[in-house]
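Work through the exercises below with the structure in view. Each task is followed by its solution.

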Amino acid sequence: MIFVRLEPESEDLTLPKPNTVLQLLNRLQLGRTQALVIRSGELLTPDRRIHDGDRIEIRKVTSAG
Amino acid sequence: MKCRRCKALAAVALPSHHAGFCPDCFRKFFLKQVETAIRRKKMILPEDKILVALSGGKDSLALMEALTRLGYQPVGLHVDLKIPGSSDVARKTVEDFCSRRGLRLIVADMEEWGLPIPEVRRKVKRPICSICGKIKRHAFNRIALEQGFDVLATGHNLDDETARLFANTLRWDEAHMAGQSPSLPAENGFARKIKPLYRLSEFETAAFAFLTDIEYTTAPCPYSRGASFTAHKALLAQLEARSPGSKISFYEGFLERGRPAFQNRDSDKEQLAPCQYCGMPTSAGACGVCRVRQLLQQS
């Protein structure tokens, strides 16, 4: 399992581990450039591997209004 | 994925450029894009005094950071709209950003101007987003002119510009298409306006903000839910995902080949004169913002 924090909604999710960042974005129905994906203070590109137990922040980039 | 420039591990992937960048090379790439925009559109002259509108969001703060890193000495301007649940956070974010970096900040408090937005919303029976936008543009222009700034810079990015162009195109709004540009000269009582981030997407400004330790606010305005602008951005994001590079091609193509055609047809410009109360340009005796202020004072 992995732990995901969605921003700006401040919503916490626990999800089965995807293999890559791209799979995670697909599961959340987000395009590659619709959100920053952050792990331990580091930005991840879509090809990076996800590990079991990872804590990941997904920061959507579209400003409202 | 490896960085295109130095081959280190990439942190930012940009499908529209078929490239990935490490943090250091991405910051250089971002600044280069801003520098190119300024040079190509002749946005800033060496001696210009620059005022930057700061909302507290990622784009305006990223713009301020980029201009500072490029060697300019911009001054920030924040318009405190007095909207409960969002304005306090936005103002503190901007004040903290400027204070941490030693940048000069001007705050225009809409309560002091007799134009607190919640009150405007109660009294004026028109869509609040359009009036609020008008009040902000009025404050930006007035402060720029009254305090001797040569140019007013805003953090509008490629997504903002393409969403606006898309909306204008859906309506075939010739006047707005003639006037849409990342660089508008000073004329008729309006300060020169520039958008140095017009070549960069929201994703790129968000990545730059993250990689330069900018703390920005993401609190949406409680009055702007369901704005059509956001829906247009979502449509364009789908298009960009299927065909990377569509947005910049749509916008650059418009600037090169579309806008000149609309400019040539734009012969019926309104005659503007200074507002009798504030001196800002208007086609009526009193400008729209002064009329709103009077309405609030009367009730």
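**Exercise 1.** Find how many residue pairs are in polar contact across the interface of chain B and chain A.

Solution. In this predicted model, the rule finds two such pairs, both at pLDDT 80 or more. A polar contact is a pair of N or O atoms within 3.5 Å; within protein, one must be able to donate a hydrogen and the other to accept it, and residues adjacent in sequence count only if both atoms are side-chain atoms. Next, α8(B) gives the most to the side of chain B that touches chain A, with six residues. Helices (H or I, at least four residues) and strands (E, at least two) are DSSP runs, numbered from the N terminus.

**Exercise 2.** Describe the sheet of chain A and what packs on it.

Solution. First, the order of the five strands is β2-β1-β5-β3-β4 in an open sheet of mixed pairing; two strands pair if DSSP finds at least two bridges between them. At the edges stand β2 (11–15) and β4 (42–43) of chain A, each with a single partner strand, so one side of each lacks a neighbour in the sheet. Then, β1 (residues 2–7) of chain A runs antiparallel to β2(A), joined by five bridges. Arg5(A) stands opposite Asp12(A) in β2(A). Finally, α8(B) packs on the sheet, touching β3 (35–39), β4 and β5 (55–60) of chain A.

**Notes.** Residues are numbered from 1 along each chain as its sequence is written, and chains are lettered from A and ligands numbered from 1 in the order in which they are written. Local features need pLDDT of at least 70, side-chain atom pairs count only at pLDDT 80 or more, totals for chains, interfaces and linings use all residues, and side-chain values use heavy atoms, with hydrogens and water left out.

Note on methods: Contact = heavy atoms within 4.5 Å. Axes fitted to C-alpha atoms, helices over the stretch in contact; angles between N-to-C directions.
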